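Reader: Before I rely on any label attached to this model, I would like to see each one set against the rule behind it. Could you take me through them?

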Amino acid sequence: MTNGRKGDVRPIMVAGNWKMNGLNADAEHLTQAILDAGLTPASPEVVLFPPFTLLPMVHQVAKGSSLRWGGQNLFWESHGAYTGEISGAMLRDHGCRYVLIGHSERRQIFQETDEIVLKKVKAALHSGLIPMVCIGESEQERLQGNTEEVLRRQVEAILPALGSAGQQANMVLAYEPIWAIGTGKTAGPEQAQEVHAFVRGLIAAKNPDIARKILLLYGGSVKANNAQSLFSQPDIDGGLVGGASLQAAEFLQICQAAHVVARGL
Ligand code: PGA
């Protein structure tokens, strides 16, 4: 499902996933550099996902600005004897508006299943957070021609938590082909667009109104030199950026590319 006038219904978003990188001084520098670049309400929505330990620093530096931030994970219970885990309320307490859920590194290294992803999405919504849910196929799944089947399974798993028609979309999806994460290989803009249109179609089958409104970000080796061509695609509403979000200048160029696309629509 393609909507050539996405700017009318969907803002552009650029999110930076810092993964397990950075100390307080890095967080202060990166956050301040983004603020110094002068985000305005007309800018793309910029969301940072620092490690938990850096949330207080990001919160302190960015409080009151239009910059947004979130946790890279959460646990589905609200509190209790769950050593090492973090709840939605704890993230809210640090000013988080978003939370990443189901990143492929969580799915692969920490064995998070579709069932766990749904539990976390529900917990996030219950805490008043907006889940940014990652989906994507491995290289082997793509080579075997199973991309659509994998994405269908991952999207259908979270559909029970999708908002109802008339509401704003209550989550963001990020399509991140695993073979493109941290590898320097990016899905070509047309290739990514094809998948995004497929994913939007899956959502439309359940709720056409939300499908029109939901943000579908692309992730996987997004850099300053490919951001604009990716974000210009009709069903790509911005990017989830890993490695390049750790360098202020590169990340700001990606935000600038999003700004150019948003203004051009
Ligand atoms: P990358 O990571 O930009 O370094 O490929 C993207 C992600 O994992 O979110």
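Author: Lys19 is found in the loop between β1 (13–17) and α2 (24–36), where helices (H or I, at least four residues) and strands (E, at least two) are DSSP runs numbered from the N terminus. This is a predicted model, in which local features need pLDDT of at least 70, side-chain atom pairs count only at pLDDT 80 or more, and totals for chains, interfaces and linings use all residues. Residues are numbered from 1 along each chain as its sequence is written, and side-chain values use heavy atoms, with hydrogens and water left out.

Reader: What is the phi of Lys19?

Author: Lys19 has a positive phi of about 50°, although it is not a glycine. Gln111 also is not a glycine and has a positive phi, of about 55°, and its place is in the loop between α5 (104–109) and α6 (114–126).

Reader: Why is Gln111 called exposed?

Author: Its relative accessible area is 55%, and the rule calls a residue buried under 20%, exposed over 50% and partly exposed in between (1.4 Å probe, protein chains only), so Gln111 counts as exposed.

Reader: What makes His59 buried, and which residues is it in contact with?

Author: His59, in helix α3 (residues 55–62), has a relative accessible area of 18%, and is therefore buried. Leaving aside neighbours within four places in sequence, His59 is in contact (heavy atoms within 4.5 Å) with Trp69, Asp93, His94 and Gly95.

Reader: How do you know how many disulfides there are?

Author: A disulfide is a pair of cysteine sulfur atoms within 2.5 Å, and by this rule the count comes to zero. The sulfur of Cys96 is 15 Å from the closest cysteine sulfur, in Cys134, and so too far for a bond. Cys255 is in no disulfide either, since the nearest cysteine sulfur, that of Cys134, is 17 Å away. Cys96 is buried, with a relative accessible area of 4%, and Cys255 is buried at 7%.

Reader: How does the reach of helix α9 compare with what is expected?

Author: Helix α9 (residues 189–206) has 18 residues, and the expected span is 1.5 Å times one less than the number of residues. From its first C-alpha to its last, α9 reaches 26 Å, close to the 26 Å expected. Among the buried residues of α9 are Pro189, His196, Phe198 and Arg200.
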